[in-house]
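Visitor: Please take a close look at the backbone in the loops. Then show me what surrounds them.

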Amino acid sequence: MSNKKFDVVVIGAGPGGYVAAIRCAQLGMSVACVDEWQNHDGKSSLGGTCLNVGCIPSKALLESTHLFATANHDFADHGIQVKGVTADVKAMMARKNKIVSELTQGINGLFKTNKITLVHGHARLSPGKIVKVSDRKSKKTTDTLEAENIVIAAGSSPVRLDNADLVDDYIVDSAGALEFDQVPKTLGIIGAGPIGLEVGSVWSRLGSEVVLLEALDTFLPAADSQVSRIAFRTLQKQGLDIRLNARLLSADVKQKKVNVTYEDTRGAQQIKFDKLMVAVGRKPNSDYLFGDEMELEIDEREYIHVNKYCETSVPGIYAIGDIVRGPMLAHKASEEGIMVAERIAGQNSRINYDLVPSVIYTHPEVAWVGKSEHACAAAGIPTSVGTFPLAASGRARAMGSTDGLIKIIAHKETDRLLGVHICSAQASELIAQAVTAMEMEASAEDIALTMFAHPTLSESMHEAALSVHNRAIHIKN
Ligand code: FAD
Ligand code: NAD
């Protein structure tokens with residue numbers, strides 16, 4: 001590499017890093033991005049966790065398996081008779097891999113278009129904004145880069161449990177469970193968070209008996225409790241066996257089975273599975289990132305400490321995405337990447353951390369933004385609440401997707417939207433309306449006064465807003 005001095009060096013090419021690199025380049029800066037991701041074939045692949053083993057492969061499989069489940073369970077209701085519907089898991093995996101490969105190569109294309117220098121290897125930060133890049137195998141330094149500004153976007157990795165070591169393809173993490181080449185007859189999952197629910201849905205739809213063991217006594221505690229109760233009931237009805245208050249004691253592999261012991265309110269329980277996925281959260285990749293003399297503030301949970309502008313304790317060094325506080329979400333990482341790039345360019349960009357949407361891509365999907373009803377109550381905020389059940393929506397009925405509801409929480413005095421919570425088909429798309437409205441500081445009345453096309457699921461948002469003031473049309477107020 002001839003030019004080793006850059007305006008910006010970005011460490012990590014996940015949705016935080018690659019977006020930061022592109023935005024910096026758009027703003028006229030010279031940019032290098034260092035990334036160490038390698039696929040099974042040893043080839044580098046951009047896009048980080050999200051594109052390689054996270055958001056994209058999981059959604060590809062969720063889409064394929066949703067179609068399979070629809071063909072098996074819902075076609076007859078539409079008067080469509082199909083016989084002998086089978087799932088070709090190898091073909092599903094090949095489709096998923098093709099989507100991943102096209103998207104990751106797309107980032108290589110974007111880097112070329114934006115004249116971003118891509119450096120493969122492991123980056124370590126030294127004082128003076130020096131980044132040393134080494135080969136993963138030989139550990140030899142292959143490049144030394146220097147920059148005015150550094151953006152650390154090194155992401156996160158799955159949390160490992162001492163009492164459930166990963167074993168070949170028996171006890172796996174989410175990446176392993178998105179690569180099974182056949183449907184396990186029984187699948188145990190430790191953790192009923194988004195990964196447990198999404199990956200559990202994939203295999204359950206293909207015929208696995210799926211049991212989720214969740215240590216907490218509350219299902220999806222971050223969601224509004226009315227919505228999480230509906231989601232819990234609906235997912236249980238679909239066959240996901242979600243056991244709350246179930247704390248893992250041990251897991252080991254004997255005679256090609258995973259023996260799991262866990263404790264619930266009745267005491268110690270034992271259960272056997274063909275496969276077990278551990279999905280108990282992710283931890284920031286802040287190990288092995290710094291040279292010996294490098295001093296950067298790291299908090300007690302190993303996140304790089306940053307302020308609301310993603311500035312670290314060292315001027316000119318920024319950190320974004322999963323490696324810093326806040327929800328571990330791709331869109332949050334990307335928005336932080338854009339903010340940091342623009343602030344380096346002297347703009348006054350900022351992020352509204354109160355309006356980060358959350359989505360769980362089960363069927364129906366669960367999505368929310370803003371405060372839940374119990375969070376408002378705990379904070380002493382007076383509220384007016386409107387709800388609309390999907391069962392009362394003509395479009396939901398036409399789709400055969402009537403499980404769920406939309407709930408809007410507004411301030412009792414100002415009517416300003418405080419939170420929107422959805423359990424519905426396409427909730428991931430519907431929630432964007434709520435985020436936009438809340439970003440514009442809209443009131444429930446603003447949504448009530450807006451015209452929505454008929455028949456759409458979006459009309460349920462309109463009806464929920466009308467319901468805040470007890471004037472929904474298609475339900476009893
Ligand atoms: P990452 O995507 O983890 O990227 C970090 C990159 O940095 C990697 O390529 C890594 O190899 C590289 N790197 C690390 N250290 C170094 C180093 N020292 N030198 C060089 N390179 C380095 N989020 C959503 O918003 N929606 C979803 O639907 C969703 N689904 C998910 C499903 C699964 C199964 C999983 C596991 C996660 C999912 N997530 C989802 C979370 C999402 O993937 C992360 O929040 C997101 O990828 C974080 O982006 P990032 O850029 O911070 O880090
Ligand atoms: P999570 O932290 O969201 O959920 C893990 C669950 O495991 C928790 O409910 C926790 O109580 C439980 N748990 C922890 N230890 C346990 C134990 N010993 N026994 C039983 N249960 C235990 O983490 P996740 O589901 O692994 O997801 C990781 C990250 O990836 C999250 O931050 C999430 O935001 C992100 N992600 C997002 C999406 C999405 O946006 N759709 C999808 C997948 C992952």
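Guide: Helices (H or I, at least four residues) and strands (E, at least two) are DSSP runs, numbered from the N terminus. This is a predicted model, in which local features need pLDDT of at least 70 and side-chain atom pairs pLDDT 80 or more, while totals for chains, interfaces and linings use all residues. Residues count from 1 along each chain as its sequence is written, chains are lettered from A and ligands numbered from 1 in the order written, and side-chain values use heavy atoms, without hydrogens or water.

Start with the prolines. P364 sits in the loop between β18 (358-360) and β19. The peptide bond into P364 from H363 is cis, with omega near -5°. P455 lies in the loop between α12 (444-448) and α13 (459-468). The bond from H454 to P455 is also cis, again with omega near -5°. Most peptide bonds are trans.

Now phi. Most residues other than glycine have a negative value. K139 has a positive phi of about 65°. K139 belongs to the loop between β5 (130-134) and β6 (141-152). At a relative accessible area of 63%, K139 is exposed (exposed is over 50%, buried under 20%, partly exposed in between; 1.4 Å probe, protein chains only). Y288 has a positive phi too, near 55°. Its loop runs between β16 (282-284) and β17 (317-319). Y288 is exposed as well, with a relative accessible area of 59%.

Compare a proline in a strand. P158 is in β7 (residues 156-158). Its relative accessibility is 17%, so P158 counts as buried. P158 touches D173, G281 and R282, leaving out residues up to four places away in sequence (contact means heavy atoms within 4.5 Å). R282 is 124 residues from P158 in sequence, yet 4.2 Å away, C-alpha to C-alpha.

The largest nonpolar core has 36 residues (a core is a set of buried Ala, Val, Leu, Ile, Met, Phe, Trp, Tyr and Cys residues joined through side-chain atoms within 4.5 Å). L197, W203, L212, F219 and I242 have the most contacts inside this core. Among the elements giving it two or more residues are α6 (194-205), α7 (225-238) and β19 (365-370). Beyond four places in sequence, F219 touches A192, L197, S228, A231, F232, L235, I242 and L244. A second, separate core of 32 residues includes A425, I431, A442 and A465.
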